[in-house]
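Here are my notes on the model, as numbered points. Please read them with the structure open.

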Amino acid sequence: MLNKQFRSVLFAGVAALAVTACGADDVASPGAGGNVTINNNSTPTPTPPATPPSPPSGTPATDCPTGTANVGTITTGGGEMARNCQVSGVIQGNLTLPKRPDTANTIYSLSGAVEVGIDGGATGILTIEPGVTIFGSSGGDFLLVNRGSQLFAEGTASAPIIFTSRQNILGDAGADSIGQWGGIVLLGRAPISDCATGAASNPGGTRADCEAIVEGPSNAVYGGTLPADSSGRLSYVQVRYPGFEVSPGNELNGITMAGVGSGTFFQNIQVHNSSDDGVEWFGGRVNGKNLVMTGIDDDSVDSDSGFQGANQFVLAVQRPNGGDKVMEADSNGDEDAEPRQRHKLANITFISNGGDEVAHLRGGGDYEFYNAVFNGPDQCINIDGSATVQAAGAAADENGPPIFQSTFLSCGSAFEDDGNITVAAIQTLFNAGTNNTENGTSTLATAAWPLAFINGANETAVTPFAASGADPFFEDVNYIGAVRDANDMRFMGWTCGLYAADPDCTAAPVIG
């Protein structure tokens with residue numbers, strides 16, 4: 001996440017990134033060769049004939065949908081042959097990427113920065129049907145939805161939409177592969193703070209001139225005065241192996257939500273092995289539910305710039321060989337800028353591999369945790385900045401210090417003092433809530449993922465908090481954490497890598 005003082009700088013260079021072209025006929029050849037006989041006096045043992053490779057399955061489509069370009073065929077790591085239909089440039093008007101049967105196998109690819117609509121100009125709507133797979137070949141390939149335009153990517157539990165990398169399609173992605181294509185960027189017209197022009201503060205979210213340049217793309221603007229703005233609908237979507245460093249400290253996340261309004265539907269989302277953050281919110285008012293972050297190399301959950309929203313059923317579990325903080329909230333500077341960040345989370349399970357603390361709260365934001373499970377070998381919670389712990393009403397738009405209710409900590413140490421807010425002060429805030437466990441013993445159980453994330457006896461024993469009283473977006477459930485027990489089906493079937501019955505994330509998606 002960029003420091004606030006640099007966010008007003010216009011980032012350039014994305015357009016100059018090299019884009020790996022998709023070959024016209026990317027079909028693997030079985031190769032050629034023969035046996036070599038060395039003459040000697042003994043009778044050679046006959047060499048059994050080599051087993052020929054299986055022919056690709058499925059029949060590629062003969063053409064591509066209107067608005068896409070036919071760039072040949074591609075054979076996946078799973079042995080399917082599909083027509084590669086490329087999307088490029090700026091989408092104006094309506095474009096639909098349809099799902100086709102295995103008698104007309106079709107896969108879609110991004111070529112460079114694909115934008116939906118023009119900011120302040122012609123609008124666009126991109127619709128992606130359930131079961132569609134889309135890939136990027138390099139960090140310069142990403143999808144960006146400009147203000148006033150929309151993305152409708154609504155898969156189903158049995159047919160999720162998959163955004164991934166060319167390497168994953170070819171079967172060449174590994175457990176620690178990251179940053180193989182750009183990611184998804186949604187830009188909206190909801191209020192933000194940290195304005196790029198004038199003062200940083202935007203009282204009431206009413207300043208029409210309060211805009212900012214988003215991380216990653218060049219000169220892409222977000223922010224406005226429409227809290228209920230809609231950037232579309234995303235549901236049952238996987239985003240595998242995204243993230244790319246455009247310049248030092250300026251990176252594309254798995255999904256970037258910048259100034260996105262509450263009219264946007266954002267549920268049933270998985271981001272896997274992003275080289276930067278999983279999902280990062282910059283301002284805006286969008287809520288989200290059933291969010292899964294697996295193997296994220298930086299922060300799984302990140303929010304900044306006056307984001308005010310609620311998230312429930314969030315599972316963020318790092319991979320053994322990568323990950324920074326599980327959650328990072330806001331950044332230093334302009335701590336009292338309005339709208340003040342207010343991030344509410346309920347029924348979350350945050351699992352760290354020990355690379356850093358589980359949650360780092362700072363920047364003067366307001367944070368609320370209900371029915372949470374934090375686990376990791378190092379510290380659970382680090383809080384920085386007097387503005388982050390100030391009392392309600394002590395400054396404009398201030399709702400008080402962080403809130404913890406029915407939160408279970410099982411870390412090497414519960415709290416961290418890195419020369420800022422003391423352990424004793426954090427402990428006092430934590431114990432002000434009800435049914436909190438400071439030094440619990442984890443009984444989390446594993447599934448297919450290397451780190452445990454399923455509630456066990458100790459997590460189940462915690463009395464849950466009625467979260468709907470904190471925000472009407474929240475559902476009241478009878479357990480803490482994101483995954484109740486081994487029979488909880490919430491994340492089964494539409495994600496990859498978590499459960500043995502689901503596809504491995506390294507496997508090429510099934511196209512037909």
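1. E328 and R362 form a salt bridge through their side chains, at 3.0 Å from N to O; the term stands for a side-chain nitrogen of Lys or Arg within 4 Å of a carboxyl oxygen of Asp or Glu. This pair links distant parts of the chain, with E328 in strand β23 and R362 in the loop between β25 (359-361) and β26 (366-383), 34 residues apart. Helices (H or I, at least four residues) and strands (E, at least two) are DSSP runs, numbered from the N terminus. E328 and R362 are both buried, where buried is under 20% relative accessible area, exposed is over 50% and partly exposed is in between (1.4 Å probe, protein chains only).

2. The model is predicted: local features need pLDDT of at least 70, side-chain atom pairs count only at pLDDT 80 or more, and totals for chains, interfaces and linings use all residues. Residues are numbered from 1 along each chain as its sequence is written, and side-chain values use heavy atoms, with hydrogens and water left out.

3. The protein chain has a mean pLDDT (the predictor's confidence in each residue, from 0 to 100) of 91, and 89% of its residues reach 70 or more. Over residues 2-43 pLDDT stays under 50, and the model has 80 contacts beyond four places in sequence for them; a contact means heavy atoms within 4.5 Å.

4. The salt bridge count comes to 17. One of these joins R319 to D176, with the closest N and O atoms 2.8 Å apart. R319 is in the loop between β22 (308-317) and β23 (327-329), and D176 is in the loop between α1 (166-170) and β11 (183-187), 143 residues apart. R319 is buried at 4% relative accessible area, whereas D176 is partly exposed at 39%.

5. R100 and D63 also meet in a salt bridge, at 3.2 Å from N to O. The pair ties together parts that are 37 residues apart in sequence, because R100 lies in the loop between β4 and β5 (106-116) and D63 in the loop between β1 (25-26) and β2 (69-75). R100 counts as buried at 18% relative accessibility, and D63 as partly exposed at 40%.

6. A network of salt bridges links D119, R147 and E211.

7. G93 belongs to strand β4 (residues 93-97) and is partly exposed, at 32% relative accessibility. Beyond four places in sequence, G93 touches T123, G124 and I125. The C-alpha atoms of G93 and T123 are 6.3 Å apart, across 30 residues of sequence.
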